[in-house]
Amino acid sequence: MSRLALVLSTALLIPTLPAVTATSWTLPGVGSVAATVESSAGTLRLKVRSGPIDAVEVADLGLITTTGDLSKDLTLRAESHRPVRTSYTMTTGKQRQRTVVQEESRLTFGNASGSFTLVVRVSDDGVGFRYELPGPVTVQRETGGYELAPAATSWLQPYSPQHENEHAQATASTAPTGQFGHPALFRTGSTYALLAESGLDGRYSGARLTHTQGSSRYDVQLADPEVVTTATAWRTMIVGDLATVTGSTLVDDLADPARFTDTSWIKPGLSSWSWLAENSSPRDFERQKDYVDSAAKNNLKYVLVDEGWSPAWLPALTRYARARGVEVLVWFHWTNLETQAQRDDWLPKLVAWGIKGIKVDFMESDTQARYQWYDAILADTARRHLMINFHGSTVPHGLARTWPHLMTMEGVRGEENGLNATRNTILPFTRNVIGSMDYTPTRFASAKPQTSNAHELALPVVYESGWTHIVSSPEELASQPEGARFLGQLPTAWDETRLVSGAPGEQAVIARRNGTTWFVGGISSGTAGAVAVPLSFLSSGRWLVETITDNGPTLARSSSVRTSEDQLTINTAEHGGFVLQVCPYKTGRTTCDQPHQVAPSTTVLVDATPTTVTTGATVKVQGIFVARTGGPVRDLVLAPDVPAGWSLSGKPVRKSLLRNGESVSGSWTLTLGPNGVRGDLDLIVGGNYTAPDGRRIYSADAARIFAEPLPPRGSTYVSDLPWTDETNGFGRPQQRDHSHGGENPPATLTIGGKTYAKGIGSHAASSLTTWLGSACTRFVAEVGVDDDVTTDEGSVTFVVTGDGRTLASTPVIRRGAATLLDLDVTGIKRLTLATTDGGNGKNSDHADWGLAALTCRP
C-alpha cells in the first residue's frame, strides 16, 4: 500500500483557489486544537494552539534537497481541505477500538527549486504534519524547527540509537546543548506538548532533536545524510492537558492501516522471563522448566527464553511448556535474522518447534537501512504467524497499527538498567504514550530500597505492553502470593485507559479497562504518603474494589464495595505504589478473580522404527496419549507432525472424551521424500484437546531418528553445508563466513592479520556436526583466535572428530597466526568441529575456522 493510501469512511475534497496575497492560513480545527500556517517573506511557520494556549510552533518549514533549498521564497500554489473519518482495531494498546476524527489541510508551496505539499492533520489530541513531494527526491534535511516557550518545563532523553538514556528535567531553553530522542515532553502552565514521529518505516529515515542551550528551538536531524523519498514521516505534536497527552492515540492514528486482517493468532499476555533475575539461566534446560512451571501455576501465558538457549533442547522445552498450557517465545540477536536467507532458515524451524513469537535484540539504529530491515522481518514473521518484540530498538512510530503482530518494543531505559522510581513516574507521560513499552517490570525482592513491592506490582498496569515480561524468579513470585495472584488475572490489552492523577517524576495513577473489569496501578517517587484515588472513571452502580498495598516486605489485599462517587485514600510506602482490581458487585461476590485451573496432566509416548532412513524409506510411528489427572480431556485429536518434504499415511485419531487414567493410541507411516528435511529429527506425535477450563492444549513428545543427508560433492566449504547439530558457548549461534563477535556484531573472519571470506566463527565451547556419508577424503582449515580479541584473554583448543574418533586436537591457542589443520577423513560419516575453553575461564574465546573446506567425490 502506498504511503498516501488511507482508509476513509468520509473523504470530501474541497479545492479552493489560493489568494496570492495571503500570509496566513487558518486550518480547520478539531475540538480545542487549532493550527495556523503563516508566511513571512517566503518562509513558513506552523502554530499549534490548545485552547487559548500557544502549545508549540514550527519555524522555517521546508526541506533541503540535492536540487535546492525548499525553505525560502515559497509561494502558495494550491490549497485543499478535507475531513478524515475512519476507525480501526488494535491487537494491543491503551484502547483496542479506535475512532479517528481529523481535519486535513494540503497546502502546496514552491519556489524556483521545486515544490512540496505541506500536509497537516488536526485532531482533538494534537497535530501532525509531513511533506509530500511530486516524485522521488533526495532529501538532505528538514528545515522546520520546533519552538517552545523558553520557560516551558522539559523532560528530555539524551539521544542514543537504542533510546535507553535517563530522562532529565529542565526547561526548553536551559536544557543542555546536544541531541535528544523522541518523544520529548514540554509543559507550559497546565498544557503539555509531546513531540514524536509517526508513519516512519523503510521509506524514510529516523530523526532526533538537536538543541543549543539558551535557545528554545529544537531542530530535526535525520539519521542518514540523505534519503530518497516521496514523503517524509509525520512530525507529531500531541497537545493538551496531561490526561489528553497520556490517552492520545495520535501516533497510531497517523500510521498506515494494517497490512493484514486475520489477527486470530495474535495473543497478547504476560510472560515469565528469567534473564534479568539469573543471566545464565537461559542456557539451563532444567531451570527453564522451573520458569515454565511457575508460569503454568500463576496463569502466565508465555515463557521467554532469552540469550543462551540451545537448539538441542529448545524443541523439547517447547513441548514441555505447551503440555502445561504455556507458550514459548525465544530471543534472537538481530544479526542472526538479518538476511532473507537467515530468516528463511530459522523462521520455519521455529514454527515447526511450536514457538509462538520472537524477541529480536540489538538493532540500535534509526537509519533507513535498518528501518527497511524492520519492514522485511515484520512481513516475514507475519506470513509465518510469529509474533514479534523489538528489543534494543527504536521507539514506536505507529508500526503496531500497520503490523498487528508487533507486541511491544523496548526503546526505553527499562528495569534491566536498575530500579528507579523517578524514572518510572516519567515514562507513562513520555515513552509509553506513543506505543507498547518493553520495560520488563516487577522484581519482587527483599532488599530493594529503590522501589517497593507494591510499586513493582503496579508497573504492568501503569505501563502498557502487549507482551509484558515479568522479571521475578519463580521463588520471588512464590514469596509474594498476593502479587502472583494479581498477575495471574492481569490482561495486557485494553478497551479503555484513563489517567486518574499524576505528575511527571512524582506520581502516576492509571486505570485500564478490559471488558467489565478495571485495573488501576499507582506509583510514586519520594516519601511515604497518602494518595487520593477518585473512582469517577467507573460507571453507575456498585463495584467491588480489591486493593493491594505494601505491608512491610509483603503485599496485603483488602476489599470494599464502592460507587463512582467515592474517593479512596491509599497509604503508600516510600517509592511505593498500589493496585486495584475493580469489577461489578453483586450480592455474595467476594473477589474479582476469574477461576484459573492448571492444565491436565497428560503423557504422550512415541516410538519410531527404523531409527535411520535414506531417501524413499518409511518410518512407522506409534503414539499413545494418556490422560492422567486434572481431566477430563475432550475433543482430542492425536496425530504426528509431518516434517517438511515428508509424506504421511494414516489419519488423525479422534476421541470425544478421555477420563482420568484412560488412553488412546494411533499408528502412522512417514516417508522421506527427495527434498525432505534431514539430519537428527524428532518425529513428534501430539494431542490437541480441550481442557476443563475451555483452553485448547497441545501435549506432545517425540522419537529421535536420523535421516541421512545427501553427502557433499566435489570441493566444498563446511560453512555452505547443512549442520546436523550446532551448539555455541556464548550469545548467538556459530556464524557462517563471519566471526562470532561475542557481544559485538559479527564481522570478517580475521586471524593474525589475515582475512578469510569463508569459514566459521564460534565462541568456545562450541560444536557443530556435518554429514559426510563416507564421500570425502580431506578436511583443511586455518584455525585461531579472531583478531577482534585484542588481549591474551582469548584461549581456545580446536578438536576435530569423525564418527566419535578424535582426528586432531590442538594445544591451547591464543591470538596470533593461524594453525593449519590438514586431515584425512576417508570413510568418515559424521564430522564434528569443536572448540573448548583454553582453561582460563575468560569470556573472549572467539574461535575461527578459516577456509574450513572438504574434498569429496565428484
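## Basis of the description

Helices (H or I, at least four residues) and strands (E, at least two) are DSSP runs, numbered from the N terminus. The model is predicted: local features need pLDDT of at least 70, side-chain atom pairs count only at pLDDT 80 or more, and totals for chains, interfaces and linings use all residues. Residues are numbered from 1 along each chain as its sequence is written, and side-chain values use heavy atoms, with hydrogens and water left out.

## Cavities

Rolling a probe the size of a water molecule over the atoms shows where empty space is left. A cavity is a set of points, on a 1 Å grid over the protein atoms alone, where a 1.4 Å probe fits but cannot get out; its lining residues have an atom within 4 Å of a point. Grid points are joined across faces, edges and corners, and a volume is the space filled by probe spheres set on the points. By this rule there are eight cavities of 30 Å³ or more.

The largest cavity holds about 170 Å³ of space. Its lining has 23 residues, of which Asp252, Ala400, Ile434, Gly435 and Ser436 are the closest to the centre. At least two lining residues come from each of α2 (250-253), α7 (399-402) and β28 (406-409), and β28 gives the largest share, four residues. Residues are classed as nonpolar (Ala, Val, Leu, Ile, Met, Phe, Trp, Tyr, Cys and Pro), charged (Asp, Glu, Lys and Arg) or polar (the others, Gly among them). On that basis the lining of the largest cavity has eleven nonpolar, eight polar and four charged residues.

The second largest cavity holds about 70 Å³. Among the residues that line it are Lys94, Thr246, Glu464 and Arg512. Its lining divides into four nonpolar, three polar and three charged residues.

## Aromatic rings

A pair of aromatic rings is described by the distance of the centres and the angle of the planes. Rings of Phe, Tyr and Trp (its six-membered ring) pair if their centres lie within 6.5 Å; planes under 30 degrees apart count as stacked, over 60 as edge-to-face and the rest as tilted. The whole structure contains 27 aromatic pairs. Phe332 belongs to strand β25 (residues 327-333) and Trp346 to helix α5 (residues 340-353), so the pair ties together parts that are 14 residues apart in sequence. Both Phe332 and Trp346 are buried (under 20% relative accessible area with a 1.4 Å probe, protein chains only; exposed is over 50%, partly exposed in between).

Ring pairs also link Trp25, Phe109, Phe116, Phe129 and Tyr131 into a cluster. A charge sits over a ring if NZ of Lys or CZ of Arg is within 6 Å of the ring centre and within 35 degrees of the ring normal. Lys289 lies over the face of Tyr320, 4.9 Å from the ring centre, and the charged end of Lys349 sits over the ring of Trp346, at 4.9 Å from its centre.

## Buried helices

In helix α9 (residues 453-462), ten of the ten residues are buried, so the helix is largely enclosed by the rest of the structure.

Helix α4 (residues 314-322) has eight of its nine residues buried, and is therefore largely enclosed by the rest of the structure. The buried residues of α4 include Leu314, Arg319 and Tyr320. Their cover, by contact (heavy atoms within 4.5 Å), includes α3 (285-297), β25, α5 and β45 (679-690).

Methods: 1 Å grid on protein atoms, 1.4 Å probe; cavity = no way out; pocket = protein on both sides within 12 Å on 5 of 7 lines; lining within 4 Å.
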